[in-house]
Amino acid sequence: MTQQQPNNPLHGITLEALLTELVERYGWEELARRVNINCFKQDPSIKSSLKFLRRTPWARTQVEALYLRLKNSPWHP
């Protein structure tokens, strides 16, 4: 049985989908400026970034917070 998470705005969104949308919106350079982590600065890729974010909770928290700010922005389509 699947547990519902009505208060979790990230429920049902994979880390890969979230990161892909951020890269499409901002690009790697701007993403690195907004979230200061090396995997966004040096030879960035979705695969290497996912590996880092899955093992580094503080970085994942920052990326998820940026995604939520993007989604809650009045200028987001």
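Contact here means heavy atoms within 4.5 Å. This is a predicted model, where local features need pLDDT of at least 70, side-chain atom pairs count only at pLDDT 80 or more, and totals for chains, interfaces and linings use all residues. Residues are numbered from 1 along each chain as its sequence is written, and side-chain values use heavy atoms, with hydrogens and water left out.

**First stop: Phe40.** Select Phe40 and look around it. Beyond its neighbours within four places in sequence, Phe40 is in contact with Leu19, Trp28, Leu31, Ala32, Val35, Ser49, Leu53 and Val63. Phe40 counts as buried because its relative accessibility is 1% (buried is under 20% relative accessible area, exposed over 50%, partly exposed in between, with a 1.4 Å probe and protein chains only).

**Next: the core.** Now select Leu22, Leu31, Phe40 and Leu53, which have the most contacts inside the largest nonpolar core, a set of 20 residues. Such a core consists of buried Ala, Val, Leu, Ile, Met, Phe, Trp, Tyr and Cys residues joined through side-chain atoms within 4.5 Å. Helix 1 (15-34), helix 2 (46-55) and helix 3 (57-72) each give two or more residues to this core, and helix 1 gives the most, with eight. Helices are DSSP runs (H or I, at least four residues), numbered from the N terminus.

**Last: the rings.** Rings of Phe, Tyr and Trp (its six-membered ring) pair if their centres lie within 6.5 Å; planes under 30 degrees apart are stacked, over 60 edge-to-face, the rest tilted. Two aromatic pairs turn up by this rule. Trp28 and Phe40 are tilted, because their planes are at 50°, with centres 5.7 Å apart. Then pick Phe52 and Trp58, an edge-to-face pair at 6.5 Å and 85°.
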